[in-house]
Amino acid sequence: GGGAEGNAAIELNISCPNVRQGGMLFGNSPPLTRSLVSKVRAATGRPLIVKLSPNAPDLVESAKAAREAGADILSLVNTFVGMAIDPETARPRISFGTGGLSGPAIRPLAVRMVYQVARALPDAPIMGIGGIAELPDVLEFLAAGATAVQVGTANFKDPGVSGRLARELAAYCELRGVTAASLV
């Protein structure tokens, strides 16, 4: 139940840096993460994906708290807190001053975080996120321990990128004889 008819799963974003306070209060505190995730878990039987913040003081502890509270899947990572200043006005380009940095610049950081959480929680399904635009990016996240990936920023440049990456990954696996059965 839970009033989400037609949705295969629910992604709980506890890490949004683009609004005042946002979800970062929850995402930066394992006890608050545990409390919020357990409340959402109690409200729905649908698969629950929890999107974690790379800005948390200890991402592995946040991931453990989310899993212990009932997260089915961990989504790593949301954007990093960044800032851009207009050199002409010397004022922040974003109304709140800071905002989320995404895209290729964050990929090495996101891959490291996926790797760390995958090692700490080997049974946790992980969705890797951060600068994925080409097949090698997908393969890198999978090698780090992700079980799936999300594509975000690259969609702005090429709205068909996800479909292309899915086809390229299928062709890559077929060429190498990788099947779902060989992964088990």
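1. Basis. The model is predicted, so that local features need pLDDT of at least 70 and side-chain atom pairs count only at pLDDT 80 or more, while totals for chains, interfaces and linings use all residues. Residues are numbered from 1 along each chain as its sequence is written, and side-chain values use heavy atoms, with hydrogens and water left out.

2. Salt bridges in general. Side chains of opposite charge can pair when their charged atoms come close. The structure holds eight salt bridges, a term that requires a side-chain nitrogen of Lys or Arg within 4 Å of a carboxyl oxygen of Asp or Glu.

3. Helix H3. Glu-61 is joined to Lys-64 by a salt bridge whose closest N and O atoms are 3.7 Å apart. Both residues belong to helix H3 (residues 59-68), three residues apart, about one turn of the helix; helices here are DSSP runs of H or I with at least four residues, numbered from the N terminus. Glu-61 is partly exposed at a relative accessible area of 35%, and Lys-64 is partly exposed at 28%. On this scale buried means under 20% relative accessible area, exposed means over 50%, and partly exposed lies in between (1.4 Å probe, protein chains only).

4. Helices H4 and H5. A salt bridge also forms between Arg-107 and Asp-137, with the closest N and O atoms 3.4 Å apart. Because Arg-107 lies in helix H4 (residues 107-120) and Asp-137 in helix H5 (residues 135-144), the pair ties together parts that are 30 residues apart in sequence. Asp-137 counts as buried, at 8% relative accessibility.

5. Arg-164 and Glu-168 meet in a salt bridge at 3.1 Å, N to O. The two are four residues apart in helix H7 (residues 161-175), a separation of about one helical turn. Glu-168 counts as partly exposed, at 28% relative accessibility. A network of salt bridges links Glu-134, Asp-158, Arg-164 and Glu-168.

6. A charge over a ring. Arg-119 lies over the face of Tyr-115, 3.9 Å from the ring centre. The criterion is NZ of Lys or CZ of Arg within 6 Å of the ring centre and within 35 degrees of the ring normal.

7. Val-40. This residue, Val-40, is placed in helix H2 (residues 30-43). Apart from neighbours within four places in sequence, Val-40 is in contact with Leu-12 and Leu-48, contact meaning heavy atoms within 4.5 Å.
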